[in-house]
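Dear colleague,

I am passing on the structure we spoke about.

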Amino acid sequence: MEFTRRETLAIGGAAALTVMMPIKASAAIDSYIEEFTGGADMGDAGLELTAPEIAENGNTVPIEVSAPGASAIMVLAAGNPTPPVATFNFGPLAAAQRASTRIRLAGTQDIIAIAKLADGSFARTSKTVKVTIGGCGG
Amino acid sequence: MISRRDFLQASMAASAMLGASGFGQWSRLAAQQALTQDQLLQFDTFGNVSLIHVTDIHAQLKPIFFREPSVNIGVGDNRGAVPHVTGAEFRRLYGIEDNSYSHYALSSGDFEALARSYGKMGGLDRVSTVVNAIRADRPDAILLDGGDTWHGSYTCYHTQGQDMVNVMNGLKPDAMTFHWEFTLGSDRVAELVESLPYAALGQNIFDAEWDEPAELFPPYTFFERGGTKIAVIGQAFPYMPIANPRWMFPEYSFGIRDENMQAMVDEVRQQGAELVVCLSHNGFDVDKKMASIVTGIDVILSGHTHDALPEPVLVGETIIVASGSNGKFVSRVDLDVRNGQMLGFRHKLIPIFSDVIEPDPAIASLIDEQRAPFEAQLSEVIGQTDSLLYRRGNFNGTWDDLICDALLSERDAEIALSPGVRWGPSLIPGQDITREDIWNVTSMTYGQAYRTEMTGEFLKIVLEDVADNIFNPDPYYQQGGDMVRTGGLGYRVDVSKPQGERISEMVLTSTGEAIDPARNYVVAGWASVNEGTEGPQIWDVVESHIAKQGTVTVSQNDSVTVTGL
């Protein structure tokens, strides 16, 4: 059969979407975390991660991390081919220990944030961000 | 001392026992076969504030038939909870007698016979009569429109929502929030919103570029009523750029943003709000979860998932009111607000029986005026139906079976896909199918019927993806639609499984052979969210198919097997 350009594009889009199943975190994640924390225990208080439940556009997902008093916050996209997103370091003169950025997600996965808090302890939080084909809304 | 929560629970119990919420009386009235406007409107005015809620009208200016779902599966914490209770089970839960008019209005079962005895429902001229009656009891009642108002009909499409704006203005709402309105395109939405004599609210409508609140849509507005200061916070549909084409409104970003909702609740409380109302298009399960996370909301007026519940649901100290769709119902909520606290409520879901409630003549003529230029096209008879045509339900409805048949034959495809939207009125056997009827179930600004090829593997990904939008156990990951409808394709779905494992046994129904992941299949569908989709408009495809059939008969569809319930 003959394909129009549009149909070929649609099929291209179809092929690209085959990665949209939830992506499991790789074992490498643990080593990134260990490198950051030195293997220390992590609490869950003192760190907030804001991200959409479902990404409007997987290519540019807005996220924000905030941990009052923290000296550093690491962000990992657990299902991306290259999980480290960024590590934000806050100097003593930083007015707020908060950062926001946009990240690209290869598919539905967990975003993990780990903060080094003022007292030297670590906090960890995560959130699942779904990347979906879309359509079909009520 | 009685806590506020006890007060609310006592209100709930009283309404259940005394029939103040209406349904208790309906059964008795139904037994007498006596249905009058006065009885439908009967309400002992209570407290000092009245809210009136309409939502998801989908541009249905005139009375329609609308069959409620027989399949509406709840998962996770919502398994077996309302609104995921249907048919006879729903009637037992609320003490509704079989064959009563509340049976007909609120639940599935014997729809065809009951539709013949009780007639059509809705019509904005009848809705207006109800609103006027409530305002006669309480002149400063607040009328709130939950959105999905400027979408869903021939006239709405051709006037780009102007018909609905004109008629709703006649009802004088006090505020509104949004969903399908945005599929008119952001320029048209801005034009209409700027013309509104009432507030266009959405705390979760953000500027996409800067991720800051969008100027055109304030998060909330205040009302001074009954000696109290009332804040109404808007919550637009959170997943518009995902469920609908993002390219039509690229300037905007949405999301649930419950942290911002909490900030807005705190802000209005600081400014002296004694009652906080959320006008929501989240969908019912999302509203329930939001009510459990955000504190300080007294009332959520819930829309999007088209559920009609005869009683509010209490989550923490928040009552959630679901008011149905397509103009079938108006909710009245009277509240007793004292010293900055909501102490009690009285609620009634008023069914709009179009043969019982007198039309408001002013609004009736306003509606006629909107329709007059299109009357010839609207009323043209395309065919007849021998079957009940309905859409609502988690899987295939007969309207969608017919649409899929049209796609398969008119677009010469092996498989058809039709979106699991929840709007679209029903037709009963013996009725003519007019062009208006076809548009009522297909009208949209991205209705092109595409024809393409998909591999078996990709078809599975599509089904898994959509299934997760309905059956993810966390409501925040649900988009509030139903399952994509399939023609020519059968499958098995286990709703209890995670994404990637729900769909199995996909077969081509024409031959019974299993879907080959590696093979390409010719697929026709409509309502693609991709920009530049090409093909004839779906209403033309369906019209051509029906015209060829003359009289349509839709046979029973057993192509989907559901497990894991």
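Helix 7 of chain B passes helix 9 of chain B in a right-handed crossing (right-handed if the near helix is turned clockwise from the far one by less than a right angle, left-handed if anticlockwise). Helices here are DSSP runs of H or I with at least four residues and strands are E runs of at least two, numbered from the N terminus. On the helix 7 side the contact is made by B:L124, B:V127, B:S128 and B:V131, and on the helix 9 side by B:V167, B:G170 and B:L171 (in contact means C-beta atoms, placed from the backbone, within 7 Å). These residues divide into 5 nonpolar, 2 polar and no charged. Nonpolar covers Ala, Val, Leu, Ile, Met, Phe, Trp, Tyr, Cys and Pro, charged covers Asp, Glu, Lys and Arg, and the others, Gly among them, are polar.

This is a predicted model, in which local features need pLDDT of at least 70, side-chain atom pairs count only at pLDDT 80 or more, and totals for chains, interfaces and linings use all residues. Residues are numbered from 1 along each chain as its sequence is written, while chains are lettered from A and ligands numbered from 1 in the order in which they are written.

Helix 7 of chain B (residues 124-137) also packs against helix 14 of chain B (residues 361-371), at an angle of about 155° and with the axes 8 Å apart. Axes are lines fitted to C-alpha atoms, for helices over the stretch in contact, and angles run from 0 to 180 degrees between N-to-C directions. Helix 7 and helix 14 of chain B are therefore roughly antiparallel (over 145 degrees; under 35 is roughly parallel, 65 to 115 roughly perpendicular, the rest oblique). Here B:L124, B:D125 and B:S128 meet B:I363, B:A364 and B:I367.

Chain A has an open sheet of 3 strands in the order 2-3-6, with antiparallel pairing (strands pair if DSSP finds at least two bridges between them). Strand 2 (48-50) and strand 6 (98-103) stand at the edges with a single partner strand each, so one side of each has no neighbour in the sheet. Strand 2 of chain A is joined to strand 3 (residues 61-66) by 3 bridges, and A:E48 has A:S66 as its bridge partner.

Between the chains, the contact takes 26 residues from chain A and 44 residues from chain B. On the side of chain A, helix 1 (residues 5-16) gives the most, with 6 residues.

Regards

Key: Two residues are in contact if their C-beta atoms, placed from the backbone, lie within 7 Å.
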